[in-house]
Amino acid sequence: MTANEELGVLIKETQAVLHQRMDEVLRPLGLTVPQYACLQALHDTPGITGSELARRVFVSRQSTNIVLQGLEKRGLITRSDDAGPRRERATELTDTAVTLLDQARTGVASVANQMTRTLTRADAARLHALLTTCRDALLTP
């Protein structure tokens, strides 16, 4: 295996462990990682389209819709009855969701802090820059 292939495997392993640790802190709150990601994206980007939401949550549009249905049943989001452009329904967080999201963010932040606790600020900034460069290289055709 080449060094670049090993790096790809290491990134994937890190992502898998990160997902597992996030799941461990979110589960007691009754959330999955995709549900948390949906709530976070809806909070940070009001009016986000379903397609963009799916990209941010790293699931298909169909899976995103299933996640949204579950969040709606729990009273964490409200969705407009009227379809807007491209048949999309406006989605908003409820007050309950905002409170839950604050708790979830605390748990997720603790996981991120654990992951980076031995890095200096300069190392963390460099890692961020390098991963951004890698991601962007893969987005370029």
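Start by selecting Leu39: leaving aside neighbours within four places in sequence, Leu39 is in contact (heavy atoms within 4.5 Å) with Leu31, Leu71, Leu76, Ile77, Leu93, Ala97 and Leu101. Before moving on, note that this is a predicted model, where local features need pLDDT of at least 70, side-chain atom pairs count only at pLDDT 80 or more, and totals for chains, interfaces and linings use all residues. Residues are numbered from 1 along each chain as its sequence is written, and side-chain values use heavy atoms, with hydrogens and water left out.

**The core**

Helices here are DSSP runs (H or I, at least four residues), numbered from the N terminus.

**Along α3**

Next, select helix α3 (residues 50-57) and pick out its buried residues, Gly50, Leu53, Ala54 and Val57. Look down the helix axis: they fall within an arc of 100°, so they line one face of α3 (the arc is that of the directions from the axis to the C-beta atoms). These residues pack against α2 (33-44) and α4 (61-73). Just after α3, stop at Phe58, which takes a positive phi of about 65°.

**Ala41**

Hop across to Ala41 in helix α2. Ala41 is buried, with a relative accessible area of 5%. Not counting residues up to four places away in sequence, Ala41 touches Ile48, Leu53 and Arg56.

**The largest pocket**

Where does the tour meet Phe58 again? Phe58 is among the residues closest to the centre of the largest pocket, with Ile11, Gln15, Leu18 and Leu131.

Finish with Cys38, which is buried at a relative accessible area of 0%, and Cys134, which is partly exposed at 37%. Counting pairs of cysteine sulfur atoms within 2.5 Å as disulfides, the total is zero.

How values were computed
Buried means under 20% relative accessible area, exposed over 50%, partly exposed in between (1.4 Å probe, protein chains only). Helices (H or I, at least four residues) and strands (E, at least two) are DSSP runs, numbered from the N terminus. On a 1 Å grid over the protein atoms alone, a cavity is a set of points where a 1.4 Å probe fits but cannot get out, and a pocket is an open set with protein on both sides within 12 Å along at least five of seven lines; lining residues have an atom within 4 Å of a point.
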